[in-house]
Amino acid sequence: MINILYFQRVVNNIIIAFQKVKKVAVIGGGNVAHDCAKVLKEIGVHSVEMFVRRPLFMMKVEKEKIAELIDNQINLHPNMAPVKIEKN
């Protein structure tokens, strides 16, 4: 069983680490990618880029969630299939 105070400290450290990051890429177009992108933006990451292999209308999320991403200024890049990830 995990100690809730330890868990809270770990989560807080992760949030603090991501708040120092200026730009993050999320690869995927489903519910998990949507949630990750939204949370990153909510905790203060300046620029969140979401790369989706499909066209926007074929994303595996509800249309309302696509609108949420756009409303939260998350940059969507449809029809993208990254082949390599490099640190910028």
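Predicted model: local features only at pLDDT ≥ 70, side-chain atom pairs only at ≥ 80, totals over all residues.
Visitor: What should α2 span, and how far apart are its end C-alpha atoms?
Guide: The 12 residues of α2 should span 16 Å at 1.5 Å a residue, and its end C-alpha atoms are 16 Å apart, which agrees. The expected span is 1.5 Å times one less than the number of residues. Helices here are DSSP runs (H or I, at least four residues), and strands are E runs of at least two, numbered from the N terminus.

Visitor: Which residues of α2 are buried?
Guide: Ala33, His34, Ala37, Lys38, Leu40 and Lys41. Buried means under 20% relative accessible area, exposed over 50%, partly exposed in between (1.4 Å probe, protein chains only).

Visitor: Which side of α2 are they on?
Guide: They are on the same side of α2, because they cover an arc of only 160° around the axis, taken from the directions from the helix axis to the C-beta atoms. On the other side, Val32 and Glu42 are exposed.

Visitor: What does His34 touch?
Guide: Leaving aside neighbours within four places in sequence, His34 is in contact (heavy atoms within 4.5 Å) with Met50, Val61, Lys65, Glu68 and Leu69. His34 has a relative accessible area of 2%, so His34 is buried.

Visitor: What follows α2?
Guide: Gly44, whose phi is positive, near 115°.

Terms used:
Residues numbered from 1 in each chain as written. Heavy atoms only, no water.
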